[in-house]
Every structure is written in structure tokens, then in C-alpha cells.
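Look at the sequence and the model below.

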Amino acid sequence: MEQNPAPPPALGEKEARRRQMILYGAPVRTIFTLALPLVFYNSLHQVFQLLDTLIAANMGAGVVSTVSFVAQIEVMLYAVGSGLSVGGSIIISRSYGAGDMAAVRAHISTLFFTCLAIGALILSLAVPFARPFLRLLRMPDDLLGEGTLYFMLAVTGIIFQFINTIYLATEKSRGNTKTIMWCNMLVMVTKTALNAAVILLMKGGAISLRTAMLLLPAATITAQLSLTVIALATLTSRKNPFRLSLRACAFRRTFLVPLANLSIPVFLEKFIFAFGKVIVNSMCAAMGSTVVGALGVSNRLGGFSTNPPAGFQEAESSLISQNLGNRNLARALGIFYRTLVINLIIAAAFFSAMMLCKDRIILLFARGDAAFAAEINTIYTYECWDSVLVSLNASVMGLLYGFGRTRVSMILNVVRLFVYRIPPLFLLMHFTNLGISAVGIAMLISNGAVGITSLIVAIAFIRRLKTGTARIDL
């Protein structure tokens, strides 16, 4: 990479053992070792998200709807950092698996400073144009006033989120999932504790409802900042063999072009998918602003079944990339097969548990509002049935990410929303008398159909791999 390259970073004993396990250890044990911290975090994260929604519910259905609407827009903007983290993680994992530690350090440094610059650019555009942006996305008029201030505060934390995302992506590419779990738990606990404090202050009359709502994104910023401090301390520590360095950056075509090829489809996938959800929210708002909140709660409930498989997906994609870097195709495919079986079993178990508890959980969010409870129940009654097929889709996404087929994963998610969800929702809303049930049915159709489509794509891709007609960049 350089005319006089520095010697490659030396791995510590613990790091070397982890790399040995990733590349040569028992597959199922390796999957669980890397995935369980992520699964634990994802499951706990879902609980904390529900607590956040419950906190918002204490402020009224209108606040829940505002939070749900803005959350999807945040995901749209955050998609840039997510795309770069996924693309960068794939490249770093390949170099890590190949044993090229000098390249690992160069990739981490380049990825970090690239993402930081893009995050600053997004922030400089999003805050000044917040109100027209929300109007363009058809936020209901009764939510727009407070929603604009809420959005401006929420998006201010994007720089911290970008830094944290890249830091966690570098840890993931090295298989250091326990660090990811503890760091994310720090953010969750800090955020929830601050939100709970806001509610207590509001209930005690110390602050108004308006102030309390605006303090919610302030709590998120504080929580993200706490992790950013740790991230920067770790990434710049002299004890870290992969510490950041402008001198180590490789702003060259050999890195930037593969990064763009992998990251742009992921960015478009997440951005378009989130944008599609905003469209769905806008369509639901035509039935009443509380329907947006009901859909948001239903999605959170569905996450109890779908978030654990997402943790296995993250570990799966990293393991596949690392083993491809080590030129072991058979092991990479074996990781996918085992993860698929694990995810199907877990999704079925969590689905059964949620069916037993859903009524009591829904009542917590309704806070005595029978109409709001009925809306949540109507949507979730349909949405919950797609849990197993969503877990199938998660496993296939891990396969595609691991092999660097991010364009295929993008197409699948675009189809999921703009073919399987929005058109059926439009037809059900305008040509039937189903009412709010149309929202739940559309969710069931889209999530179920994409699961089946993903299975077909996986079978076709693996067949091409085995016949040698699919190119693999090893």
C-alpha cells in the first residue's frame, strides 16, 4: 500500500485465539459464541424500545405517533452510516480472515474518516430544512409543529451515531461481539434511565408535556455520546493494534471502489426501505394519526420474534466474510445452513411466547385508551404470523452480505416494500372495507412474501456457487 509500509500490527493472544476459532473452530459453537452476545443485545434492545414507547405512551397517543413517524426518517438518514459500516465490515472481515493486518488498520482508518465527513454533511443539510422536509414526507399537520423540533433534536445526534456505528462495525469484523453487546447496553440503559427521569419530572409538574417530549431525543444524544467517548478512546489508544491514523488511511481506488460497490446498495436498501415505511405511515395517517402509533407499537411487538434472528444474521455475515477471506467456501456455506436452522427454531419459540402475552402487553401501551388498544391489536393480530418467514429472510440476508451480494439484498428489500407492501395496502385501503385491518394484512403479505422470495434467491445463488457460475471475490 505504501512505498515503505509499516510492519503489520501484531495480534494479542486473545485476538489470535478468537481468529483461530472463527476460521477453524466447531461451526455451531462458533456461531453461538459470536451470535449470543448480539442476540442478547437485540432481545434486550427490543425490551428497551418497548419501554421507550411505553414512556412515550405516558405522554399520549399523539406523542407515540410523532416518535414513530420521526423514527423512520432517522433510519433513512442513518442509512448512510449503516451502508458504510456494512460495506466496510465486509472488506475488513475479508482482510482479517486473510491475515493481512496492515490492510485491516488502513481500512478501519479510511472508513472512519469517510463516514465522519459524510455525517457532518448530512447534519448541515437536515437541520436547516427540517420543516419543509417533514412537510414533503406528509407528516400530519397536528404533529408537524412539535414534530419539527423533535426531528431537529433527534437528527443532531447523527454524528455520534455514525462514529459509534463504524466503531462497532470494526469490532464486529474482528468477531468481538461481546464488546458490541456491552457498548450497546450502555447506550440503552443510559437512554432509558434519562427518559424515565423525564417522565417523573413531567408527572411531578416540574416540566411541561412539550418539554418532556423534546427531552426524549436529548436523552438519546446523551446516551450515544457516552458510547462515542469510549469509541474514540479505543480507536485512538496506542494499545489498539488497529488504532486510527490519518497516515494509515487508504483513500485509493483499490479500497474506495469496493467500499462504494458494497455500501451504496446497502445504503439504498435501508434508505428506500425506511422511505417506504414513511410512505406507509403517511398512508396510515389518513385513517387517523393514532394509527401511525399503533403500527409503530405493532412493529415493536413483532421485534420480539424477529430481533433474535437478526443477531444471528450479524454474526453469520461476519463469519462468512472472514472464512471467504481464508478461502474456505465450504465452511462459509455451512455457517449459513446452520444459522438458518437456528433462526427458524428461535423465531417459532418467540412467536409462541408472544401469542401468549400479547394482550397484556398491548394494554400497557394503550394506557386505558380502548380505541388505541383496539388499533394495536387489529394490526398485530395479522403481523405476528409472519415471524418465521421474516427469520428466513434474515438468514438469507446474512448469506448475501457475507458474500458481498449487497445489490441482491437491496433488490429484495425494495421488492418487499414497493411490490409486496405498498400496493396491497393501497388496494386494501381503497377497494375494501377492512379499515385498520388492511394495515396488518399488508404487513403479513409483504413480510411473508419476501421470506419465500428470499428462500428462492438463496437456493438459486447456492446452486450457482456449486456449479461455478457465480463469481466469488476471494
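The paragraphs below take these topics in turn.

This is a predicted model, in which local features need pLDDT of at least 70 and side-chain atom pairs count only at pLDDT 80 or more, while totals for chains, interfaces and linings use all residues. Residues are numbered from 1 along each chain as its sequence is written, and side-chain values use heavy atoms, with hydrogens and water left out.

A pair of aromatic rings is described by the distance of the centres and the angle of the planes. Rings of Phe, Tyr and Trp (its six-membered ring) pair if their centres lie within 6.5 Å; planes under 30 degrees apart count as stacked, over 60 as edge-to-face and the rest as tilted. The structure contains 5 aromatic pairs. In one of them, the ring centres of Phe 112 and Phe 113 are 5.2 Å apart and the planes stand at 90 degrees, so this pair is edge-to-face. How accessible are these two residues? Buried means under 20% relative accessible area, exposed over 50%, and partly exposed in between (1.4 Å probe, protein chains only). Phe 112 is buried because its relative accessibility is 5%, whereas Phe 113, at 25%, is partly exposed.

Another aromatic pair, Phe 351 and Trp 385, is tilted, with 5.1 Å from centre to centre and 55 degrees between the planes. Phe 351 lies in helix α12 (residues 329-366) and Trp 385 in the loop between α13 (370-383) and α14 (387-402), so the pair ties together parts that are 34 residues apart in sequence. Helices here (H or I, at least four residues) and strands (E, at least two) are DSSP runs, numbered from the N terminus. With a relative accessible area of 17%, Phe 351 is buried; Trp 385, at 54%, is exposed.

The next residue is Ile 91, in helix α3 (residues 61-98). Ile 91 has a relative accessible area of 13% and is therefore buried. Leaving aside residues up to four places away in sequence, Ile 91 touches His 107, Phe 255, Pro 258, Leu 259 and Leu 262. Contact means heavy atoms within 4.5 Å. Ile 91 and Val 104 are 13 residues apart in sequence, and their C-alpha atoms are 8.4 Å apart in space.

Last come the cysteines. A disulfide is a pair of cysteine sulfur atoms within 2.5 Å, and the structure holds 0 disulfides. For Cys 249, the nearest cysteine sulfur is that of Cys 115, 13 Å away. Cys 249 is buried, at 9% relative accessibility. Cys 284 is buried, with a relative accessible area of 0%.
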